[in-house]
Amino acid sequence: MFEPPPNSNPRRVSIGLWLFFLAFGVRLLVLVRFSHSLSFLPEGDDMKFYSDWAMRIAHGQWTDHQAFYGLPGYAYCLALIFLLVGGFDPFVVGILQALLDAGIAVVLWQISREVFAVSDRSENHYASPRRADFIGIGAALAWTFFTPAQAFSAVLMPTVWLVFAYYFCLWFAVKTRASSWWKPWLGLGLFVGFVAMLVATILFAVPLLIAAIFRSVAQGQPWRVRMPKMAAAMAVFVAGVYVGASPAWIHNYYIAHEPVMLSAHSGINFWIGNNPTATGYPKMPPGIRATQEGLLKDSITLAESAAGRKLTRAEVSKYWSAQANAYISTHFSAWMRLIVVKFGNFWNAYQYDDLSIIKLLRDDGVLPPGLKFGFIAALGLAGLLPTLRRFPRSAWVVAAVFLHMCALLPVFVTERYRLAAVPGLMILGAAGLWIFWQNLIAARWARAGLYVVLCAGAAWFVSIPRSDIGLWSLDHYKAGIRATTAGELELERQNPAAAAGAFDRAQQNLETAYRYVPKNADIDFALGNLWLARGNQPTTDEPTKTADRSLARKWYGSALKLNPHHVGTLNNCGVLEMDEKHWPLAERFFSAAIDAEPTDAKAYYLLAHVRDEMGKPAEAKAAIEEALRLRPNQRQFLELRDKIAAPPPKASPPL
């Protein structure tokens, strides 16, 4: 088994503790600031998807008896936390994630101790623990002040869980020099399987652990003795992975009766990353909305429409996988160019934050100044070759970075997806700076100059501009949506001045997004929502309200011209007509929304309300029953059902 370096001493433990407390302190500062923001409670995107799912589980809805359509682990972990603390509490989750994130800083220091205490063959074993500490501390500090890590540790997303697990596995792979056929492989297999239910890309750490098995099991014994033990260790490890992930596949196979290992949403992700309009980022194909909930619903609806029948979720996944594979086989050269684009996207300094959470927290004054990906990528790439040459054991870190990149190339690149490569790049970057400094001290000018050239080349490579102007609209679009939501919350709190300020920020951001991409139904829909919300302000006079609602109609009309089946726009147009008691028009819009998305419970509820007002009790009853079938126990739905079922009031007798 692994033995610590002979030069180790208690002082080294204190370094790890100091790094942990510093990283945790910075994350706690971000979390406290975030908790005072209007955006602290999830109101959209993946964060709301996970929190809503967790709350359904916490209230007893453990399954919908279909295969998971989204990795279930994080939602069930959130549900357990909410049950333990007595209700929905994102601050407690943030504390837990801050602890995990601080643990990443310590793991980076530990990995550096294993990799860099030994240099080339000219040095003795564990020749320079001080050097290893320098590199490890540098990497840990870089992680502490890395802006995307600060952001994603505070929100309800499993990103930090993956990063911790990935580098924990790398640390074990590096430090394990001798092992038995089952220890520690059974425990690591269980750990990897469990984490795979949260984020499946942890499975790309498996090659690192398999390599560690080959290196460490029955070390020093003849190959004929080692081979059976290595085979047994791999079997134990793989069995552990399956057992660790068993809650997911047992549910899918034996409760949902669908052949799905983890989640059935892998097919749609594969199609998003490999289709004629793919850009290497998560650009939605035509007909699919960008929100997590909308994406999942649209992917099922479109697949069923193409098949002409109801599909299981496993069949939906197979449909989209077949679409992607057909594109690859018929457009192979174009697909190869797309892979090259994804490779460039992975290393590029452009920050494609599909949640726009970094801009949101920066605009709210939550995030302190910090490092960004482009700087880390340039230093990491520049330090890669010198570090490999000087420290052969750094190949483990290089492999971890490139394995994670390989996990993303089949799909697409986002800031949170590539975050797990960043700690490895920080280690390589810190090592490269140490080598550069040593070359300067020793007056090895040629080597120092080569490093400068590598830095310049890496900086050029990561800063190649992205040509799609639509990419620059994303942050403004998301920020505008969140500001609109914040304004509506302030209206509910009877704070009109704050609401007006939020609406002004929303207008500025959404109009900027529109200038970048003037023909986008989602942006037009968001602008319509903004003007509809402005028209609902209680302090607004009637002429201004009328003008605001007219602008909302204008933007909704533009959205429907671009996408006649845009469900959100159809619903909101129906609401506008319903508010003005234009019942036939409202009925038409809600019916169109249901045709576009037959599983939209809210549209059935609104349609039932309209038909009740129109004096169509039978049709109203059918609509509300369908709404309740899709969303049982919804209080507003139950109240409307009772109202529809109640007998009409008796007319008063004439005097």
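I looked up Phe343 first. This is a predicted model. I then checked Trp347. Trp347 counts as buried, because its relative accessibility is 1%.

I found both residues in helix α15 (residues 332-347). They sit four residues apart, about one turn of the helix. Phe343 and Trp347 form an aromatic pair. I noted 6.5 Å centre to centre and 65° between the planes, so the pair is edge-to-face, as planes over 60 degrees apart count that way.

Next I asked how many aromatic pairs the structure holds. The total is 37. Another of them joins Tyr74 and Trp161, edge-to-face, at 5.7 Å and 85°. This pair links distant parts of the chain. Tyr74 is in helix α3 (residues 73-85), and Trp161 is in helix α7 (residues 159-175), 87 residues apart. Tyr74 is buried, at 0% relative accessible area. Trp161 also counts as buried, at 15%. I traced one aromatic cluster whose members include Tyr74, Trp161, Phe49 and Trp53.

Last, I turned to helices α27 (residues 601-613) and α28 (residues 617-630). Their axes come within 8 Å and cross at roughly 160°. α27 and α28 are therefore roughly antiparallel, since the cut-off is over 145 degrees. The crossing is left-handed. I listed the contact residues: among them are Tyr604, Leu607 and Arg611 of α27, and Ala623, Ile624 and Glu626 of α28. By class, I noted ten nonpolar, no polar and four charged residues in this contact.

Key: Residues numbered from 1 in each chain as written. Predicted model: local features only at pLDDT ≥ 70, side-chain atom pairs only at ≥ 80, totals over all residues. Heavy atoms only, no water. Axes fitted to C-alpha atoms, helices over the stretch in contact; angles between N-to-C directions. Helix = DSSP H or I, 4+ residues; strand = E, 2+ residues; numbered from the N terminus. Parallel < 35°, antiparallel > 145°, perpendicular 65-115°, else oblique. Left-handed = near helix turned anticlockwise from the far one by under 90°. Contact = heavy atoms within 4.5 Å. Nonpolar A, V, L, I, M, F, W, Y, C, P; charged D, E, K, R; others polar. Phe/Tyr/Trp six-rings, centres within 6.5 Å; stacked < 30°, edge-to-face > 60°. Buried < 20%, exposed > 50% of the residue type's maximum accessible area, 1.4 Å probe, protein only.
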